[in-house]
Amino acid sequence: MLVGQFTQAGVCGFPIFGADLSTAAARPVITGDVRQSIPDGEGGFFVSGEFTDVDGVSRPGLARLKANGSLDEDFRPFSNLAKAPELGNTKLALADGKLYVVGSFNSISNPFGSIVNATTGASLWASGLRFNNKVLASTSDGAGGLYIAVTGSYQTAEVSGVIHLLADGSLDPNFQNSVFGNITVLAHDPASNVLYVGGSNLSSSGVTMSSILAYNATTGAVITTWNPWLDPIYTELTGIAVSATKVYVTRVNSYNSPTSGLIAINKSTGVISWQKSTTFRSGFYGVAFDGTYVHAVGAFTSVGGVGRNFMAKFDENGNLQANPASVPNSELNSVHYAAGHLYIGGRFTSVGATSAHGIARYNTSDMSLDTTWVPNPVNASTLGTVSGIVHDGAGTLYVYGDFSAIGGKVMSGVAAITTTGAGTVKDWDLMIAGGESAPVNTVAVGAGGVFVGGTFQSIGAPVIRNLAVLDSESGEAEIFDSKILGGQVLSMALSGDQQTLYLAGDFSSVRGQQRLGLASIRLSDLELTTWAPVTARGTFDEVRHIQEYDDIVYISGYFSQPLGLNMQVREDYAAIDLTANVIPWVPALTDPYDITDFIIRDGVLYTMGRLSSGTNKNLAAYDLKTGGGLMTLGRDFVGSYPHSLVEHYGKIYVTSGADLVRLESDGTATVVKTLSSLIGTLSVSGGNLLVTANDLGGPDRNGMVIVNSKDGSLSGWVPSTPMQPEFQQINAAARIGDYLYVGGRGDNPMGATVGKLLVANIKTGAQQILEVDGTVKSFEAVGEVMYVAGAFYEIDGQSRSHVASFVNGQLTSWHPEPDNNVDFIKYHQGVVYIGGEFVEVDGNMRQGLAAFDASTGALLAWAPFAGHDWGYFARANVVGNKIYILYEAEKNGDYEFGLLTVQTDSMLVGLWALPDDADFNDWYVQDGKFYYWSPDSEFPVALDMVTGQTSEISWELSSYEMNITPYGIIWGQPSSGMALMDVQTGKAKLVLKEVEGAVLEL
């Protein structure tokens, strides 16, 4: 029985309509949201969005539906890959047997870290999963190996600390390390054979709460005698450098305080030698030692009260030295010394009067700027940030950051640069894809190559990113890298001859060439065309929508600058020909607040959203066949987030919230159908209209429905009047024969909240709601009799003290009188048992527990707790020939609680000991099993009440939202969806999803 504040209930499905919009021809069940659907050319549909499965079959984010609405199980997206990419919200296009998918995604290979070939960039590891979490720090061991900080696992083994890879790439079994906390930087000192681990809130065996720890570099054991106290310990370190006598560390000021950011620590004792502070609200981002001087960099403008912009130089005693004559014009994020040069990286555009983006170097002999070495990393048309620098000791500098190009080459996030000459960027493409905006966190040379770690999802292997080409029948993907970088593809469109795919978004490059928000790809060979209408970013933010008609490309987005090779000023809308020149068309409605969709159908361009026109508030149609003039269609349409326009049997339809709206030729609009949830998108294929919104169909349920818990089917009974106004709270429900009984509380005609009891004949539809001067708590069905228990004194004006009975919907004369509340009523083998807070029944001492002869209704002499001071009995379950009753009692001042057992044939009373680790309230009994939370298990466990053996169940849903109730094990919450779990299989046997804002109660 489901009751609550809802109007409809049923199996959720996305309806497919033919010509008749009143009845769905099919209703596929899709778990999640569908954002786009397109026809498959055979009467079916391709659908994409944020969903997990279709008709119970796993299809995360992309699926194909047949013409009859069923899942096409032969279409398995990315089935030829070891692991499919996580798609999310994608756009689709179909041409010549190929399905084109664009969005923000990438294939997965060696996520989070890999050793790559120093020449080719190919991964030296077989594609797979070595790390299961982002890698933030690594360093060379000076002997060809590597140290890598790991949080999570490495090759499936749990790791919390640092691993050591030998020169051949194998894991060093002799290095056993354990570090807890946030590791951000590693530094190895070969001279002392010490590995320094920096971060925040670090702890290890024998050393607790520090921001830097020292370990034996051979064994991994912590050096407990070296433990400098850097307060506060929650401020993470940004850099570590080691000299012959000192360890230098940097950090950013904590909580905007003038905390010291550069600290020199005695290498032998761990005592702080000296420390320096920077400008308020800044700090040091990195440190390097050149053999004589210490160099620290950051976002500061002074150090120790002395003016220093972004970089500072000290001797080993902490004396501030003069800065070089040329300094960068913005903050520095990294610094590195190698072979007589000091390299700086950050977010600057010049050093002194010399133009230099992101990276530069000085000759340490005189700190003069090397003006011949200028790799210039950039991110789109803006400067990029270099956040890390590593030298291989043999003429190559590795840099990483959030740049998308460097040295005139498209190179995302990491690059290799020669240290000789002008700083040539090598053709070293690691094919990094996925992760955060700056996906590389660390680089180190060793283990036969170059280790790169970060947040990325793929490295060193052919990658599919942001644009995928799938076989429309099998779903197998072509191994093709679009190299769409610097942003996302937000929309795409096919040319009329289906030979060209147009892309729109906020990206900066495609296939290794600059393309600012607009590009086109030739489908015959997937190569980029020369079409490039945007040559400079300027105020060109992004293109959100793109369509093509008659060799003209129409776009909509956020821009207000000259476009095209002919440099014509356009704002929000533009039309561009195949030569990349802007044509004269300008729409009649400009300066929209928001555009939600932009579609061309049969030579008419429809733009939808919040328009800035008094006559066209939400939709404008332009006839492109006659010059692009504004049409009447849609003029008077007013909707909520309108989008997804289709033509179906000669009529134009759009979505508006949960409404399916038909646009009339006179400019008006008609709501033809309101679905049970917001409509994601519309699509027409072979005369079928797919509406991607959960629609339940069937009659209004008036807030109450009977559900078969085995198969989820609904009873045909519908309450004759709405239950929402009658019941604000439901306490119990039960059915016997054709009669349904529901107890709860709601308002009476005077507005006062009272107890209520619904008695309904589900066969005839007759029903009555009886007022109860209290609360009904429990029902028990026995033959034709429905027993009622609770805390009340009257039912429908007739005196009944806490218990009563009905036959065929009519109150019987049975009228025992417990003197206080009855919390349960239970029948077994001819006896009706009641339990609660009463002391007497019909003037006879019973102390919370009593029994009646079911055939006569007479009170039995049975009174097992009559000699107790008090007793309270809350729940009862029948298992075999016993009743198990939850109780609390006291006798002669001694408190008791547990599960009471009643041998139903003899009525002998015993005690079943609750498991020591069981909660007094959270348990459930079914089929002789006692289900409860055990501290030894994440999930509920089952205890056989006869043998005492426990067993764990393989639950298919997480334990986070699992609740053990007296009625079963429930997963989820009423507002977001609930599932009734099958305690034998561990699977959800009934799933309830919120509909129309309903709050469902089980």
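The model is predicted, so local features require pLDDT of at least 70 and side-chain atom pairs pLDDT 80 or more, while totals for chains, interfaces and linings use all residues. Residues are numbered from 1 along each chain as its sequence is written, and side-chain values use heavy atoms, with hydrogens and water left out.

**Whole protein**

Along the principal axes, the C-alpha atoms fill a box of roughly 110 × 85 × 50 Å.

Switch to a surface. Of the 1002 residues, 55% are buried, where buried means under 20% relative accessible area, exposed over 50%, and partly exposed in between (1.4 Å probe, protein chains only).

**Aromatic pairs**

Next, show the side chains of Phe, Tyr and Trp. Their rings (for Trp, the six-membered one) pair if the centres lie within 6.5 Å; planes under 30 degrees apart count as stacked, over 60 as edge-to-face and the rest as tilted. By this rule there are 32 aromatic pairs.

Select Tyr-196 and Trp-226. Their ring centres are 5.2 Å apart with planes at 65°, so this pair is edge-to-face. Tyr-196 belongs to strand β14 (residues 194-204), and Trp-226 to the loop between β15 (207-216) and β16 (237-242), 30 residues apart. Both Tyr-196 and Trp-226 are buried.

Go on to Trp-585 and Tyr-622. Here the ring centres lie 5.8 Å apart and the planes stand at 85°, so the pair is edge-to-face. Because Trp-585 is in the loop between β50 (568-577) and β51 (594-601) and Tyr-622 in strand β53 (residues 619-623), the pair ties together parts 37 residues apart in sequence. Trp-585 counts as buried at 10% relative accessibility, and Tyr-622 is buried at 1%.

Then select Tyr-884, Trp-912, Trp-923, Phe-930 and Tyr-932, which ring pairs link into a cluster.

**Charges over rings**

A charge sits over a ring if NZ of Lys or CZ of Arg is within 6 Å of the ring centre and within 35 degrees of the ring normal.

Finish at Trp-125, where Arg-130 lies over the ring face, 4.0 Å from the centre.

Terms used. Helix = DSSP H or I, 4+ residues; strand = E, 2+ residues; numbered from the N terminus.
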